[in-house]
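Q: Could you show me how to read burial, aromatic ring pairs and helix packing from a model?

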Amino acid sequence: ERVLLLDPQDHRAFFNLGNIYTDQHKKKKAIEAYKRAIWLKPDYSSAHYNIANILSSQGKIEEALSSYSKAIAFDPNHFKAYCNKANTLKEQGKLEEAIKAYEKSLLLKPDFLEAYNGLGITLHDLGRLNDSVNVYKKALQLQPASAEVYNNMGVAFQSQGNLSDAIDYYLKALSLKGNYASAYNNLGNALRKQGQLKGAMASYEKAIFLSPKDANAYHNMGS
């Protein structure tokens, strides 16, 4: 903040102050600092983007979408803004709009794993399972060590009724990330559907051990 006293017209100083407040989880102060940076430099795309991320985390969806749109308007190559806008649209249930935003993000940065994952999940939610699997396959070509993509691919295969491949992908995810509670839970679901109840129970117990506050494994174990 001493920098601001020396040069109160420096938009970068206010932006950096906003980043510090963000790291400290002081969201209100962070937004105030970013807004001061924008007041000094209205086309400051990164400040609009950071405000959008905070608003999204607060559940202020419409405001977040507006800020993402401003970030993109001032920087049309901001692939992260397109991806996070897509994530927010997906939360709103606007899946077709989300797909377009993910695709734009990937057009700008073809190796952006987060956008592939978001696109695959959205296609899955729309029931476009083959398209979802194809997206994950492309993601694995780019990032073959991504446990999250293997887990999501397993979910897609399981939705198709392909339990054997689903289990293989869950196990691959766990080989890459041994503390992946969600993958253990998904593995338990697949094993249970195959009638492998002992293995399913062991997977649920591992999921609960890794994430004791997650109700999904408890529910699945008891159902």
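Q: Is Phe157 buried or exposed?

A: In this predicted model, Phe157 has a relative accessibility of 9%, and because buried means under 20%, Phe157 counts as buried.

Q: What describes a pair of aromatic rings?

A: Such a pair is described by how far apart the centres lie and by the angle of the planes. The structure holds six aromatic pairs. In one of them, the centres of the Phe15 and Tyr44 rings are 5.0 Å apart and the planes stand at 35°, so the pair is tilted. Phe15 belongs to helix H2 and Tyr44 to the loop between H3 and helix H4 (45-57), so that the pair links distant parts of the chain, 29 residues apart. Both Phe15 and Tyr44 are buried, and ring pairs join Phe15, Tyr34 and Tyr44 into a cluster.

Q: How is the pair of Phe157 and Tyr169 arranged?

A: This pair is likewise tilted, because the ring centres of Phe157 and Tyr169 lie 5.3 Å apart with the planes at 40°. Phe157 sits in helix H10 (residues 147-159) and Tyr169 in helix H11 (residues 163-176), 12 residues apart.

Q: At what angle do helix H2 and helix H3 pack?

A: Helix H2 (residues 11-23) packs against helix H3 (residues 27-40) at an angle of about 165°, the axes being 8 Å apart, which means that H2 is roughly antiparallel to H3. The crossing of H2 past H3 is left-handed. Among the residues in contact are Phe14, Phe15 and Tyr21 of H2, and Ala33, Tyr34 and Leu40 of H3; by class, the contact has nine nonpolar, four polar and two charged residues.

Notes: Residues are numbered from 1 along each chain as its sequence is written. This is a predicted model: local features need pLDDT of at least 70, side-chain atom pairs count only at pLDDT 80 or more; totals for chains, interfaces and linings use all residues. Side-chain values use heavy atoms; hydrogens and water are left out. Axes are lines fitted to C-alpha atoms, for helices over the stretch in contact, and angles run from 0 to 180 degrees between N-to-C directions. Helices (H or I, at least four residues) and strands (E, at least two) are DSSP runs, numbered from the N terminus. Angles under 35 degrees count as roughly parallel, over 145 as roughly antiparallel, 65 to 115 as roughly perpendicular and the rest as oblique. A crossing is left-handed if the near helix is turned anticlockwise from the far one by less than a right angle, and right-handed if clockwise. Contact means heavy atoms within 4.5 Å. Ala, Val, Leu, Ile, Met, Phe, Trp, Tyr, Cys and Pro count as nonpolar, Asp, Glu, Lys and Arg as charged, and the others, Gly among them, as polar. Rings of Phe, Tyr and Trp (its six-membered ring) pair if their centres lie within 6.5 Å; planes under 30 degrees apart count as stacked, over 60 as edge-to-face and the rest as tilted. Buried means under 20% relative accessible area, exposed over 50%, partly exposed in between (1.4 Å probe, protein chains only).
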